Amino acid sequence: MHDLPDWVPRRRAEIGNRIRDARRAARLSQVQLGERIGRDHKSISRWENAHRAPDLTDLLLIADALDVALADLVR
């Protein structure tokens, strides 16, 4: 596997920050969001801190659970 372009980790971090901001705006903990989308809080933490990237299904579930547009998470 080849190295990712420099912009990919930056974008991943931006998306993680948007997930965190939307979760906090919804007044949910990582545990609560995880329960709503069927994932554990460790996954939420990994996404928010850009240690891992959520896949498209996870992003769709997050957007629905937080009542935000998918585009607002990934713009």
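I take helices to be DSSP runs of H or I with at least four residues, numbered from the N terminus. I note that this is a predicted model, in which local features need pLDDT of at least 70 and side-chain atom pairs count only at pLDDT 80 or more, while totals for chains, interfaces and linings use all residues. Residues are numbered from 1 along each chain as its sequence is written, and side-chain values use heavy atoms, with hydrogens and water left out.

**Entry 1, R52.** I looked up R52 and found it in the loop between α3 and α4. R52 counts as exposed because its relative accessibility is 53%, the cut-off for exposed being over 50%, with buried under 20% and partly exposed in between (1.4 Å probe, protein chains only). Leaving aside residues up to four places away in sequence, I find R52 touching R12, R46 and W47, where contact means heavy atoms within 4.5 Å. R52 and R12 are 40 residues apart along the chain, and their C-alpha atoms are separated by 8.2 Å.

I then asked which residues of α4 (residues 56–66) are buried. They are D58, L59, I62, A63, A65 and L66. They lie on the same side of α4 because they cover an arc of only 165 degrees around the axis, the arc being that of the directions from the helix axis to the C-beta atoms. On the face turned away from that buried side I find the exposed residues L56 and D64. The cover over the buried residues of α4 includes α1 (7–25), α2 (30–37), α3 (41–48) and α5 (70–74).

At the ends of the helix, I see D55 capping the N-terminal end of α4, with a side-chain oxygen 3.2 Å from the backbone nitrogen of T57, and D67 following α4 with a positive phi, near 55 degrees.

For α2 and α4 I read axes that come within 9 Å and cross at roughly 110 degrees, with axes taken as lines fitted to C-alpha atoms over the stretch in contact and angles running from 0 to 180 degrees between N-to-C directions. α2 and α4 are therefore roughly perpendicular to each other, since angles of 65 to 115 degrees count as such, under 35 as roughly parallel, over 145 as roughly antiparallel and the rest as oblique. L33, R36 and I37 of α2 make this contact with L61, I62, A65 and L66 of α4.

For α1 and α3 I read an angle of about 125 degrees, with the axes 7 Å apart, and that makes α1 oblique to α3. Here G16, N17, I19, R20 and R23 of α1 meet I44, W47 and E48 of α3.

Conventions:
Helices (H or I, at least four residues) and strands (E, at least two) are DSSP runs, numbered from the N terminus. A polar contact is a pair of N or O atoms within 3.5 Å; within protein, one must be able to donate a hydrogen and the other to accept it, and residues adjacent in sequence count only if both atoms are side-chain atoms.
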